[in-house]
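Me: I am new to this structure. Please show it, and then I will ask about it.

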Amino acid sequence: MTSSRASDRVLANRDRILEIWPRVDDAAERVGMDHPALLARAARVAVSAGHQSRGVRLALDALSELDPADVETRLPILLDLFDYAWEAADLPTAERAVLEAMAMVDGDRSPRSAQALAAEALLRWHQGHYSKARESAMHAIEIARERVARRELARALNVLGQIYTHLGETNNAQVVLAE
């Protein structure tokens, strides 16, 4: 089976589960996760199959079913939603996701806060707020280094390199991107 056909089959199975969920009394027990978790996972599957807009909708559905105070569950979905929305060129949704995520990580020094700061930097760069973008990227890099969060560090360095390149600071861009 080709990977495309396998992805289509996984998507069809997820769609079927989502469709029948309301009619099954013990759906969470049978599936092994609650409905928001299933929606978040379905969003990841959709995006990995190239359906970014569907991933955005599913992630938004997952968030709508969660308590706004449930930071632990909401934050990873918001950060994923930013990526899905960015890839789908849905900038208003990307902005809402990053703003909510930033409010949740305010003052936090975790890999998730570094990820949120890098997302904020990318968004601010796109909006033309270069000083704010650079500041957010540098803060993300500082936290990622402190927490030895390699994935988040790589992302923040890449964003800062883009910012420097756009500003014409090619020497700085070269140094950052070489790291």
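Me: What pattern does the chain follow, read along the sequence?
Reply: This is a predicted model, in which local features need pLDDT of at least 70, side-chain atom pairs count only at pLDDT 80 or more, and totals for chains, interfaces and linings use all residues. Residues are numbered from 1 along each chain as its sequence is written, and side-chain values use heavy atoms, without hydrogens and water. Helices (H or I, at least four residues) and strands (E, at least two) are DSSP runs, numbered from the N terminus. The chain has ten helices and zero strands, and its pattern is α-α-α-α-α-α-α-α-α-α.

Me: Is serine 110 buried or exposed?
Reply: Serine 110 lies in the loop between helix 6 (91–105) and helix 7. Buried means under 20% relative accessible area, exposed over 50% and partly exposed in between (1.4 Å probe, protein chains only). The relative accessibility of serine 110 is 16%, so this residue counts as buried.

Me: Which residues does serine 110 touch, not counting residues up to four places away in sequence?
Reply: A contact means heavy atoms within 4.5 Å. With residues up to four places away in sequence left out, serine 110 touches Ile143 and Arg147.

Me: At roughly what angle do the axes of helix 7 and helix 9 cross?
Reply: Axes are lines fitted to C-alpha atoms, for helices over the stretch in contact, and angles run from 0 to 180 degrees between N-to-C directions. The axes of helix 7 (residues 111–127) and helix 9 (residues 150–166) come within 9 Å, and they cross at roughly 20°.
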